[in-house]
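Subject: Structure handover

Hello,

Here is the structure you will be working with. My notes on what was found follow below it.

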Amino acid sequence: MIIDCHGHYTTAPAQHEHWRKQQIDAHSKGDAVPSRPAMTDQEIAATIRNGQLRMQRERGTDLTIFSPRAAGMGHHLGGAETSEAWASACNELIFRVCSLFPRNFIGVGMLPQSPGVSPKNCLAEMDRCVTAYGFVGFNLNPDPSGGYWTDPPLGDRFWYPIYEKLVELGTPAMIHVSHSCNPAFHTTGAHYLNGDTAAFMQFLTSTVFKDFPTLNIIIPHGGGAVPFHWGRFRGLAQGLNLPLLKELLLNNICFDTCIYHQPGQDLLAKVIPADNILFASEMIGAVPGVDPETGHNFDDTKRYIDALAIPEEDKAKIFEGNARRVFSRLSKQIAKQASMKGAAE
Ligand SMILES: [Zn+2]
């Protein structure tokens with residue numbers, strides 16, 4: 001089985017995003033928020049059949065670990081109650097997709113974060129996502145301010161309620177920023193990669209994994225600048241009299257393969273152990289176009305793994321084994337959803 005651990009519902013029905021706009025407008029005017037729009041199963045199924053499901057089939061992948069649109073999380077918009085209602089709507093929609101296509105999609109939740117608000121307010125939604133929806137992980141935004149980094153770094157105890165809940169539920173977190181409202185940082189070209197790189201360094205200088213030895217963190221987009229600068233990070237850790245990075249961080253951190261060219265993927269596989277790499281494409285996402293140098297879509301990342309000069313057993317870890325380990329609820333959820341009747345057949 002080929003498991004893509006990083007996909008977002010970027011093709012949700014238009015009324016979903018329209019309601020979000022109404023919600024933000026109402027918040028800014030102090031008006032009541034209109035009730036949520038109706039969406040039929042047929043409408044939802046059509047967006048998936050013509051989108052992510054078609055691409056799974058074309059590209060030869062089997063299952064996408066699926067979460068709400070990351071740039072759309074917009075934790076900086078509105079207040080804490082705005083984020084709660086939006087996260088609830090987005091997660092429910094992911095659950096509906098997973099129920100319609102139980103063999104192709106398993107859910108990951110977004111959190112109702114808000115800048116300056118304790119992430120304790122996310123705990124109830126986390127419980128709901130796992131117990132009611134069968135989700136297997138969460139996206140954690142290290143910068144709910146949208147590019148201004150006004151909250152404490154990830155090593156701060158501010159974040160510990162989230163880590164405690166992740167460990168209790170047996171779910172990993174993918175570190176994932178959202179839309180940038182800082183014009184200095186392009187959302188997907190700078191803010192995403194900055195977020196990945198900053199998060200790694202925040203963990204490096206923290207005691208998070210001493211305090212939560214079983215916590216699993218995924219740093220997406222190939223780890224931002226981290227694998228390319230592995231020597232810098234090793235040297236920084238050494239200068240701080242910290243253990244080797246392998247001991248300090250690689251029991252807890254994995255990187256995904258959302259790197260949209262072969263040389264970058266080759267480098268990741270050369271620098272980072274196969275046990276710490278998870279297959280992902282983030283399709284249909286930030287970089288959906290066709291690479292004129294290869295004739296294939298940039299985000300058709302399975303090709304880059306197929307072409308790696310590494311043992312087949314390492315490829316099997318990247319495609320499937322590591323995801324089943326890091327998402328500790330995944331194998332059970334795959335079995336559970338395999339017995340459900342879906343719209344795909
Ligand atoms: Zn993403």
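**Notes on the model**

Ile 284 lies in the loop between E9 and helix H12 (302–306). Helices here are DSSP runs of H or I with at least four residues, strands are runs of E with at least two, and both are numbered from the N terminus. A cis peptide bond joins Ile 284 to Met 283, with omega about 0°.

Before the rest, two points on the source. This is a predicted model, in which local features need pLDDT of at least 70 and side-chain atom pairs count only at pLDDT 80 or more, while totals for chains, interfaces and linings use all residues. Residues are numbered from 1 along each chain as its sequence is written.

**Overall**

The protein chain has 14 helices and 9 strands. Its C-alpha atoms fill a box of roughly 55 × 45 × 40 Å along the principal axes. Buried residues make up 45% of the 345. A residue is buried if 20 or more other C-beta atoms lie within 10 Å of its own, exposed if 12 or fewer, and partly exposed in between, with C-beta atoms placed from the backbone.

**The sheet**

An open sheet is formed by 6 strands in the order E4-E5-E6-E7-E8-E9, with parallel pairing. Two strands pair if DSSP finds at least two bridges between them. The edge strands, E4 (109–110) and E9, each pair on one side only. E4 is joined to E5 by 2 bridges, and Met 110 stands opposite Asn 139 in E5. Helix H7 (residues 187–204) packs on the sheet and touches E6 (173–175), E7 and E8; its direction makes about 140° with that of E7. Such angles run from 0 to 180 degrees between N-to-C directions, and axes are lines fitted to C-alpha atoms, for helices over the stretch in contact.

In strand E8 (residues 253–256), Ile 253 and Phe 255 point one way and Cys 254 and Asp 256 the other, and all are buried. On one side, 3 bridges join E8 to E7 (residues 217–219), where Ile 219 stands opposite Phe 255. E8 also pairs with E9 (residues 277–278) over 2 bridges, and Asp 256 has Leu 278 as its bridge partner in E9. From E8 the chain crosses through helix H11 (residues 262–271) to E9, a right-handed β-α-β crossover. Right-handed means that, with the strands pointing away from the viewer, the path from the first strand over the helix to the second runs clockwise.

**Helix packing**

H2 (residues 41–49) and H4 (residues 80–100) pack at about 80°, with axes 10 Å apart. They are therefore roughly perpendicular, a term for angles of 65 to 115 degrees. Asp 41, Ile 44, Ala 45 and Ile 48 of H2 meet Arg 96, Val 97 and Leu 100 of H4.

**Two positive phi values**

Trp 149 has phi near 50°, positive in a residue other than glycine, and Trp 149 is partly exposed, with 17 other C-beta atoms within 10 Å. Phi of His 221 is also near 50°, but His 221 counts as buried, with 25 C-beta neighbours inside 10 Å. His 221 is found in the loop between E7 and helix H9 (230–239).

Regards

Technical notes. Parallel < 35°, antiparallel > 145°, perpendicular 65-115°, else oblique. Contact = placed C-beta atoms within 7 Å.
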